[in-house]
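Reader: I am new to reading protein structures, and I would like to learn how to look at one feature at a time. Could we go through an example together?

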Amino acid sequence: MVQVTNNSPSAGYIAWKDCNISYKGTVYPIPDGNTNLTYVDWKFSDPDGFYGSNAYPTLAADDLLVFLNKKGIHLKVPNTSVLDGSLIVPESIYTDVLAANIITTEHLMAGAVTTNKLSAGAVTANTIAADAIGATAIVADAILSEHIQANQIIAEHLAVNSVTARVIAADAIGTDAIAANAVLAEHIKAGTITTNHISSSGIDV
């Protein structure tokens, strides 16, 4: 009868002795041994010992996962009645078998969802909560003028005094952009209008 001991011969290890694998009418005696690796499996192609790994092993139809080592505490996989999360084959759970809303934000580790895990077009405007993206989340120079739809930025979106002379390109404001009577005498610096701005028919704007 197989005997498996925890944290033996030292912390983090499991050890086995008197283990035999019986398969298809043949009994294969397994040498006593120990490991600090997570998974212990038996391969029919090489039946005279166990294999160990920290990654879930690739098992053929005739192979067997024998032990799970949880930091020095063993689980006999063939006899277990409770499925440990470490025994789930990677990529074996698909989205269509998950109940709606079963995975919520508290189940996700910080930083677990990165851009390479998102499919193209997966994040749309209606999946982003209002005010979820603040200025600190936007990389410098990430938003260019070609990313902004025409007429998207209106006066109410601009902070008081945010538009100054230095952010206005030369010749950007033409006469057709100035409302009638918008420029008054108090808006004109003293000495700004000189004789070369005045034509014979009046002030050359």
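Author: Let us begin with a single side chain, keeping in mind that this is a predicted model. Lysine 43 has a relative accessible area of 17%, and because buried means under 20%, Lysine 43 counts as buried.

Reader: Where does lysine 43 lie, and which residues does lysine 43 touch?

Author: Lysine 43 belongs to strand 6, which covers residues 39–43. Setting aside residues up to four places away in sequence, lysine 43 touches Tyr51, Thr58, Leu59 and Asp63.

Reader: In what order do the strands of the open sheet stand?

Author: The open sheet is formed by 4 strands in the order 7-6-8-9, with antiparallel pairing. Strand 7 (46–53) and strand 9 (73–76) are at the edges, and each has a single partner strand, so one side of each is left without a neighbour in the sheet. On average, neighbouring strands of this sheet are turned by 20° against each other, direction ignored.

Reader: How many bridges join strand 8 to strand 9?

Author: Strand 8 (residues 64–70) is joined to strand 9 by 4 bridges, and the two run antiparallel. Asparagine 69 stands opposite histidine 74, a residue of strand 9.

Reader: And how should I read a nonpolar core?

Author: In soluble globular proteins, nonpolar side chains tend to be buried together. Here the largest nonpolar core has 12 residues, among them Trp16, Ile30, Trp42, Phe50 and Phe67. Strands 2, 3, 4, 6 and 8 each supply at least two residues of this core. Leaving aside neighbours within four places in sequence, phenylalanine 50 is in contact with residues including Cys19, Val40, Asp41 and Val66.

Note on methods. Residues numbered from 1 in each chain as written. Predicted model: local features only at pLDDT ≥ 70, side-chain atom pairs only at ≥ 80, totals over all residues. Heavy atoms only, no water. Pairing = 2+ DSSP bridges. Axes fitted to C-alpha atoms, helices over the stretch in contact; angles between N-to-C directions. Buried < 20%, exposed > 50% of the residue type's maximum accessible area, 1.4 Å probe, protein only. Contact = heavy atoms within 4.5 Å. Core = buried A, V, L, I, M, F, W, Y, C linked by side-chain atoms within 4.5 Å.
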